[in-house]
Amino acid sequence: MSGSFGKRAVPNTAVVIMAAHRSYRAPHPSPSAISHALAYAFLASDVWETKQLVDAGWSVLGAHRRWLRAVVADVVAAYHRPPTDSSRELAAFIRNSPAFVDAIAKARQQRRPIRIHHLVVAPSQARDVGGLVPRINTVAELAELLGLTIGQLDWYADTKNWNRRAPVGPLQHYRYEWRTRPGRTPRLLEVPEERIRRVQRLLLDAVIALIPVNDAAHGFIANRSAVTGAALHTGREIVVSLDLTTFFTRVTASRIYGVFRQSGFPETVAHILTGLCTNSVPPRVIAAMPPGGDADERFALRHALAANHLPQGAPSSPMLANLAIRRLDSRLTGWAHSVGAIYTRYADDLAFSGDRDLARRPDAFIRGVQGVVREEGQTINPRKTRVRRSGVRQTVTGIVVNDHTNISRHDYDLLKATLHNCATLGVERQNRGGHNDFRAHLLGRIAWVETLNPLRGEALRQKFALIRW
């Protein structure tokens, strides 16, 4: 290797990089390369003070540069503590500093390029956010947590979207299934292959599930369910239900990156985590979208699928969706409280309930909800907006909530008839859905009724006992 690196001593906490990227060794390094080199040197300094940072900068540049003091002054004024988890952010700040911009322009005018003589990089550090989320400082630590090599981790994360352009074959991370819906825009299932599914599941259990969610969220969370959400809306004068359109695909990679950054992960780790949990659909799959829906909805769906987003089908997506729209939940909770109402969300189902103040002008309240949802990057499906007053059957996520949580009479009678027919006419003739384990399917439906109405559940279980399997 050439001897382009200086011999000056560096802080004890630093790691001297002996094989730098060619952009740092180039005779005419770019402003981005220079700003990153300065950011690394600042973060490697043992003391976050003006003098020490100026010395660290001079070590990088190999000479005393007058403009560097002004850059350091801007940095210290903006960052009272070293942003040890945000080297790229710090580099961007330096690159936009007026003194740095002027220095680059002057160097170009005089044809005397600013060179990098010494590259120092401090290890990244996760921020302590005071929670249960594990502190993962480096990509190597993340790979160890997931039981992968760094090469495997990079392949699964696919931060360059190589998988989107790869031909169909065993190296694809996802398989795709279009689901048609009469009169509506089709839905795309992005089903992860077994290898990346295992990584996402481990990541969900070890990291994602430990990040706190908003109290309004009741889906895909331990000790919460559709029942716990619906129970909060019982006995109210009015219930308003709304539905988000293309919920998962509208959660962008930038929002997921923000979730991990807010949880204390360094930039590089958050970048890899985002790659593991998001996907960009190949053009061939988007082009095969079946008919259905209006032109605007189809265009919006194609655009969302082409960008990196939460894939509907990945085990990590539901919980990450909860985390990505925490601000939406907070804003809607505040909007509901302004009229004495309660707000809950189960996946893409939004529910509000209240009394006199909400019942007086539900249309104006809904317009406010639509505005908040739009500002947060989501949209409301107007076809699924429902306003139900106490004189009619009120439901939240399919659960009756007029006086207490209950199953609807229609659904109860339908299941009761199915069980009766199974006992009298035979099981095979009633398995119209083609369930592989019809017995387990019926038991699951009975258990659901028992959580809502134990007496009705017991009656159904007695009918189930009469079936000959």
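Author: Begin in β7, where Asp 349 is the bridge partner of Asp 243. This is a predicted model: local features need pLDDT of at least 70, side-chain atom pairs count only at pLDDT 80 or more, and totals for chains, interfaces and linings use all residues. Residues are numbered from 1 along each chain as its sequence is written, and side-chain values use heavy atoms, with hydrogens and water left out.

Reader: What makes β5 and β7 a pair?

Author: Two strands pair if DSSP finds at least two bridges between them. β5 (residues 238–243) and β7 are joined by six bridges and run antiparallel. Six meets the cut-off, so they pair. A strand here is a DSSP run of E, at least two residues; a helix is a run of H or I, at least four; both are numbered from the N terminus.

Reader: Which way does β6 run against β7?

Author: Antiparallel: β6 (residues 342–346) pairs with β7 over five bridges. Tyr 346 has Asp 349 as its bridge partner in β7. The two strands form a hairpin with two residues between them. In that turn, Ala 347 has a positive phi of about 55°.

Reader: Why is β7 called largely enclosed?

Author: Buried means under 20% relative accessible area, exposed over 50%, and partly exposed in between (1.4 Å probe, protein chains only). Five of the six residues of β7 (residues 349–354) are buried, so the rest of the structure largely encloses the strand.

Reader: How do you know which class Trp 155 and Tyr 156 fall into?

Author: Trp 155 has a relative accessible area of 33%, so it is partly exposed. Tyr 156 is at 9%, so it counts as buried. Gly 235 reaches 52%, so it is exposed. Gly 235 sits in the loop between α11 (226–231) and β5.

Reader: How many aromatic pairs are there?

Author: Ten. Rings of Phe, Tyr and Trp (its six-membered ring) pair if their centres lie within 6.5 Å; planes under 30 degrees apart are stacked, over 60 edge-to-face, and the rest tilted. The centres of Trp 155 and Tyr 156 are 5.1 Å apart and their planes stand at 45°, so this pair is tilted. Elsewhere, ring pairs link Trp 335, Tyr 343, Phe 352 and Phe 365 into a cluster.

Reader: What makes Arg 456 lie over the face of Tyr 412?

Author: The rule wants NZ of Lys or CZ of Arg within 6 Å of the ring centre and within 35 degrees of the ring normal. Arg 456 lies over the face, at 4.7 Å from the ring centre.

Reader: Which residues of α15 are buried, and where do they lie?

Author: Arg 298, Leu 301, Ala 304 and Leu 305 are buried. They cover an arc of only 130° around the axis, so they lie on the same side of α15. The arc is that of the directions from the helix axis to the C-beta atoms. The face turned away from the buried side carries the exposed residues Ala 295, Asp 296, Phe 299 and His 303.

Reader: What makes residues a few places apart point the same way?

Author: An α-helix has 3.6 residues a turn, so residues three or four places apart point the same way.
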